[in-house]
Amino acid sequence: MKLITVAGPPSSGKTSMLLRVIDWLKEQGLKAGVVKFDCVASKDDERYRAKGVPVLLGLAGNLCPDHYFVTNIEACARWGQSLELDILISESAGLCNRCSPFIRHALAVCVIDNLSGVNTPTKMGPLLKQADIVAITKGDIVSQAEREVFQYQVRKVNARAEILHINGLTGQGKERLGVLLAQAEDIDDLDGRKLRFSMPAAVCSYCLGETRIGHDYQMGNVKSIAIPDVPRPEVS
């Protein structure tokens with residue numbers, strides 16, 4: 001079974017794109033399933049289920065979604081194998097740009113849309129930089145010049161990834177992405193495999209439920225912003 005990790009900002013068009021690609025994979029005789037990781041709520045599992053796609057939905061709740069992903073993906077992979085899937089796609093909202101749900105030797109796809117802002121690629125960190133494929137969506141809403149500038153910004157962050165322009169509404173570009181997914185490396189077991197990038201160090205009092213603000217309530221791994229001294233006005 002091939003394990004594909006797909007991540008990108010909320011509302012970037014991940015699910016619409018994947019539904020088109022999964023339709024194409026079915027035409028090639030390949031069975032694909034999806035694990036949808038999100039934070040608080042999602043109805044994307046209903047969209048997959050309506051198309052007859054095996055799907056799991058995992059909501060992180062008060063946990064970091066990417067930490068939630070890495071502690072559950074092995075069990076999800078076993079679920080996919082039990083269904084004899086050819087391809088299991090993990091879809092994550094990528095809510096923390098410092099985190100990345102990408103696994104070494106598992107094909108990694110970052111989805112980013114043209115409407116997110118021309119400087120967005122420079123803010124995305126390993127979620128974009130570590131991807132094998134960058135799928136740029138919503139190109140039909142912007143001009144050709146805007147598309148080219150946005151792609152240039154993506155290329156500055158990730159010089160090696162294959163960049164695809166995909167339209168989740170029309171399916172344009174789904175064939176090439178489908179081919180790349182079908183050619184991905186098979187993964188039989190995730191035990192002992194490594195993430196491509198470490199998660200942030202985040203064990204502090206607020207992680208454990210503290211809500212009060214103030215130095216006395218801050219324990220564990222905390223980080224203070226550097227604030228320069230403000231010179232006092234001279235007294236004449």
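Buried, as used here, means under 20% relative accessible area, exposed means over 50%, and partly exposed is anything in between (1.4 Å probe, protein chains only). The structure is a predicted model, so local features need pLDDT of at least 70 and side-chain atom pairs count only at pLDDT 80 or more, while totals for chains, interfaces and linings use all residues. Residues are numbered from 1 along each chain as its sequence is written, and side-chain values use heavy atoms, with hydrogens and water left out.

Salt bridges make a handy way in. A salt bridge here is a side-chain nitrogen of Lys or Arg within 4 Å of a carboxyl oxygen of Asp or Glu, and a search of the whole structure turns up 10 of them. One pairs R49 with D45, their closest N and O atoms sitting 3.4 Å apart. Both residues belong to helix α2 (residues 44-50), four residues apart, or about one turn of the helix; helices (H or I, at least four residues) and strands (E, at least two) are DSSP runs, numbered from the N terminus. R49 counts as partly exposed because its relative accessibility is 48%, whereas D45, at a relative accessible area of 10%, is buried.

E74 is partly exposed at 31% relative accessibility, and R78 is partly exposed at 49%.

Then there is a network: salt bridges link K36, D38, D44 and E91. Within it, the side chains of K36 and D38 meet at 3.9 Å, N to O, and both of these residues are buried.

Strand β1 (2-7) holds another lysine, K2, which counts as buried because its relative accessibility is 14%. Its side chain makes a polar contact with the side chain of D186 (3.3 Å); a polar contact is a pair of N or O atoms within 3.5 Å, where within protein one must be able to donate a hydrogen and the other to accept it, and residues adjacent in sequence count only if both atoms are side-chain atoms. A polar atom of the K2 side chain also lies 3.5 Å from the backbone oxygen of A182. Leaving aside residues up to four places away in sequence, K2 touches a set of residues including L88, L181 and E185, contact meaning heavy atoms within 4.5 Å.

L181 turns up again in helix α6 (residues 174-182), where K174, L177, G178, L180 and L181 are buried. They sit on the same side of α6, because they cover an arc of only 160° around the axis, taken from the directions from the helix axis to the C-beta atoms. The buried residues of α6 pack against β1, α1, β4, β6 (133-137) and β7 (162-166).

Loops deserve a look too.
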